[in-house]
Amino acid sequence: MASKDERDVEIHVSSPPPDDCEATRPLLTAACEAYSVSAAILPFFFPALGGLLYGYDIGATSGATISLKSSAFSGTSWCNLSSVQTGLVVSGSLYGALIGSATAFTIADFLGRRRELVVASVSYLVGALLTAAAPNFLIMVVGRFLYGIGIGLAMHAAPMYIAETAPSQIRGMLISLKEFFIVLGMLLGYIVGNLFVEVLSGWRYMYAASTPICVIMGIGMCWLPASPRWLLLCATQGKGNLRETKENATRCLCRLRGQPSPDLVSEQVNLILDELSYVGEEKKAGFSEIFQGKCLKAMIIGCGLVFFQQVTGQPSVLYYAATIFQSAGFSGASDATRVSILLGVLKLIMTGVAVLVVDKLGRRPLLIGGVGGIAVALFLLSSYYTFFSGASYVAVIALLLYVGSYQLSFGPIGWLMISEVFPLKLRGRGLSVAVLVNFASNALVTFAFSPLEDLIGTGVLFASFGVIAVASLAFIFCIVPETKGLTLEEIEAKL
């Protein structure tokens with residue numbers, strides 16, 4: 001481990017000089033954190049299963065709706081679903097996710113990151129079992145809502161837990177890898193849907209297949225230690241004995257870093273406490289503080305990213321995937337599940353690329369490059385539906401460009417940034433607002449797409465999404481900071 005003098009040199013070289021107005025503000029910096037790669041795997045893996053279950057639901061539901069509405073394979077007397085009922089099946093988990101992310105606002109800091117993920121796993125499990133065993137439509141919708149609540153809680157707590165427990169050197173990679181798990185879950189859902197779509201009551205098997213993962217996630221989260229940063233925050237707010245909590249936080253950080261000696265992690269614990277003391281974390285955050293000072297800036301960055309993530313048309317472009325492949329004459333395009341598997345593989349590959357380079361290139365280059373690709377793809381799709389309807393290859397190129405660019409940028413980096421930018425005291429509430437904005441924006445685009453398509457036409461609608469993508473590019477260029485290589489405390493000081 002570096003000596004104090006060596007650390008001072010490293011701090012001086014890597015940290016820019018503070019502005020005059022912040023001359024008295026110490027930038028709390030430590031040398032590179034010592035950690036064991038093997039010790040960092042499980043604190044990432046179990047929370048990331050929450051993302052995998054979210055992706056699995058998206059993939060499985062595409063096949064489940066086909067199975068459920070089939071008179072030959074549904075295995076129910078209520079398979080003749082109306083469009084509203086089908087919408088409730090498809091979007092039930094989205095409504096639940098909205099409720100879950102709103103609930104997280106009030107319970108997140110009380111439960112802590114680890115216990116919130118345990119509750120999410122239970123909600124996932126009960127929801128999946130109710131959906132799979134549903135004797136009627138009402139019970140199925142209740143199951144979909146409960147599963148969605150698990151999504152809302154998991155997508156709130158998982159990036160927080162990973163961000164607060166991961167070494168700063170690989171934090172970007174690990175949180176981006178959570179997006180990889182979401183895409184992997186989608187791909188698994190598509191594959192399971194393809195396997196059971198022509199099996200009697202196949203939709204029940206599709207939803208039941210997620211239950212072992214729910215159990216593994218719950219047991220794993222019970223075994224993992226609590227977030228040391230959350231423990232120290234509670235202690236500074238008078239919710240426990242500071243000395244005992246500091247010892248507990250040190251033990252937790254030893255487990256998370258794979259370090260046998262508390263002396264190897266005590267410096268980082270002291271730095272976290274120093275940051276909490278400096279910024280006055282001893283008082284519990286009020287609601288109004290979310291919209292003040294550095295948290296307001298974090299809110300603009302986080303909510304802006306997840307809002308643009310959805311309103312650049314991500315749900316709508318994928319809606320047209322099967323149609324575009326059919327027009328191009330691909331033999332597999334007649335089967336929507338096979339088309340989805342093809343896109344799922346592409347999403348997985350491009351997310352893997354983002355995971356490998358995010359801590360080398362940084363967040364901003366990936367966002368700027370990827371969103372630029374999204375804008376080009378949307379204008380290409382617009383030109384296809386407006387001018388070049390006979391040139392199906394244009395649509396195929398645009399679709400693949402869109403999916404690849406999204407998975408390099410908004411897909412993983414959006415979730416990464418919202419887990420990094422919020423101050424510790426307000427991270428739980430701030431992240432819950434950002435997740436709520438994400439799911440609300442998704443719902444807005446999903447439900448507004450068809451009426452807008454009828455009103456202004458497909459070509460104009462995709463062009464409008466393209467204009468929004470250009471606006472989001474300007475937002476990223478002017479507002480979003482680079483956080484590569486910084487600890488969470490350094491990011492908080494930077495904001």
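**Helix packing, a buried loop residue and the cysteines**

In this predicted model, helix H19 (residues 424-456) and helix H20 (residues 458-479) have axes that come within 7 Å and cross at roughly 130°. Angles over 145 degrees would count as roughly antiparallel, and those from 65 to 115 as roughly perpendicular; H19 and H20 are therefore oblique to each other. On the H19 side, the contact is made by Val445, Phe449, Leu452, Glu453 and Ile456, which meet Thr458, Val460, Leu461, Ser464 and Phe465 of H20.

For helix H6 (residues 171-196) and helix H18 (residues 410-421), the axes come within 8 Å and the crossing angle is roughly 125°. H6 and H18 are therefore oblique to each other, and their crossing is right-handed. From H6, the residues Arg171, Gly172, Ile175, Ser176, Lys178 and Glu179 take part, and they meet Gly411, Pro412, Ile413, Trp415, Leu416, Ser419 and Glu420 in H18. The residues of the contact of H6 with H18 divide into five nonpolar, four polar and four charged.

Attention now turns to a loop. Leucine 81 lies in the loop between helix H2 (37-68) and helix H3 (83-111). Because its relative accessibility is 10%, leucine 81 counts as buried, the cut-off for that class being under 20%. Leaving aside residues up to four places away in sequence, leucine 81 touches Leu68, Lys69, Thr86, Val89 and Phe137. Between leucine 81 and serine 70 there are 9.8 Å in space, C-alpha to C-alpha, and the two are 11 residues apart in sequence.

The cysteines remain to be considered. A disulfide is a covalent bond between the sulfur atoms of two cysteines. The structure holds zero disulfides. Cysteine 252 is accordingly in no disulfide, and the nearest cysteine sulfur, that of cysteine 254, is 9.3 Å away. A disulfide would require the two sulfur atoms to be within 2.5 Å. Cysteine 252 counts as buried because its relative accessibility is 8%. Cysteine 303 is also buried, with a relative accessible area of 13%.

Note on methods. Residues are numbered from 1 along each chain as its sequence is written. This is a predicted model: local features need pLDDT of at least 70, side-chain atom pairs count only at pLDDT 80 or more; totals for chains, interfaces and linings use all residues. Side-chain values use heavy atoms; hydrogens and water are left out. Axes are lines fitted to C-alpha atoms, for helices over the stretch in contact, and angles run from 0 to 180 degrees between N-to-C directions. Helices (H or I, at least four residues) and strands (E, at least two) are DSSP runs, numbered from the N terminus. Angles under 35 degrees count as roughly parallel, over 145 as roughly antiparallel, 65 to 115 as roughly perpendicular and the rest as oblique. A crossing is left-handed if the near helix is turned anticlockwise from the far one by less than a right angle, and right-handed if clockwise. Contact means heavy atoms within 4.5 Å. Ala, Val, Leu, Ile, Met, Phe, Trp, Tyr, Cys and Pro count as nonpolar, Asp, Glu, Lys and Arg as charged, and the others, Gly among them, as polar. Buried means under 20% relative accessible area, exposed over 50%, partly exposed in between (1.4 Å probe, protein chains only).
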